[in-house]
Amino acid sequence: MLERRSSFSGLKKYKPLINELIIRDLKVKYRRSILGYVWSLLNPLLMMAVMTIVFSYMFRFDIPNYPLYLICGQTLWGFFNESTNMAMYSVLQNGALIKKVYIPKYIFPISRVLSSFVTMSFSLVAIVIVMLVTKAPFHWTIVLFPIPLFFLLLFCTGVGTILSSLSVYFRDITHLYGVVTTAWMYLTPIFYPIESIPENIVPIIKANPMYYYISFFREIVLYGTVPEISTWITCFASGIVALIIGIIIFRKLQRNFILYI
């Protein structure tokens, strides 16, 4: 109990540093870019336009308001992919700072995930634009949108801390993870409906936590329905379990970080 309290108090104590790291990450990401933060809005719109053309006309998925269906899944997946990749390199890239001064090492993956969350928040404007252009109804359930995003934030933080600690010892993970996320993306119904998947593959899809986060978000934004309680429990449980595992692994491995960075 004392250890938990010290962790939370430490996180509060270093909040200004976390804010500075988030601002630094955002500045580095858009450095020397003419449009800067506007890319957080343009990128999902451009990707949605390309993928809508490919999957609506070439593969002909019969999904009502496919552009909105696509950008909802694409936005959440983009946050997961970017945040976990950035978190994975966070300890390695700050090795020089870690060697010079004492800073709780968990701050680095957390700040990377939060900076990606800020970027994703800008991208939510793109979803509103698509809703206006496609004349999609604004259901009252849209006010629930922070809930799946918070659950996903927990999940990404957990996965990010796991990757950031393991990558210090096993650098091959930084190369392997790109392959894993590619396979993971195709096993997530981002640009296709789950109904189009063979029945023997459906259990694999439903074992994927990202399926539930994206389904939750689509239900409240696109369909105007409140997800079943099982979806709420699955999303929350996945986030908490990932976070707990991440904390345990990070605490155990961080002791010898300085010998490997």
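Lys 135 is found in the loop between helix H6 (107-133) and helix H7 (146-169). Helices here are DSSP runs (H or I, at least four residues), numbered from the N terminus. A word on the source: this is a predicted model, where local features need pLDDT of at least 70, side-chain atom pairs count only at pLDDT 80 or more, and totals for chains, interfaces and linings use all residues. Residues are numbered from 1 along each chain as its sequence is written, and side-chain values use heavy atoms, with hydrogens and water left out.

Back to Lys 135. Its phi is positive, about 60 degrees, although Lys 135 is not a glycine. Lys 135 is exposed, with a relative accessible area of 74%. Exposed means over 50%, buried under 20%, partly exposed in between (1.4 Å probe, protein chains only).

Next, Asn 65. Asn 65 sits in the loop between helix H3 (39-58) and H4. Asn 65 is not a glycine either, and has a positive phi of about 50 degrees. Asn 65 is partly exposed, at 23% relative accessible area.

Now the helix pair. How do H4 (residues 66-93) and H10 (residues 209-223) cross? Their axes come within 9 Å and cross at roughly 140 degrees. Axes are lines fitted to C-alpha atoms, for helices over the stretch in contact; angles run from 0 to 180 degrees between N-to-C directions. So H4 is oblique to H10. Under 35 degrees counts as roughly parallel, over 145 as roughly antiparallel, 65 to 115 as roughly perpendicular, and the rest as oblique.

Who makes the contact (heavy atoms within 4.5 Å)? From H4, the residues include Leu 68, Trp 77 and Phe 80. From H10, they include Met 210, Phe 217 and Arg 218.

Terms used:
Helix = DSSP H or I, 4+ residues; strand = E, 2+ residues; numbered from the N terminus. Contact = heavy atoms within 4.5 Å.
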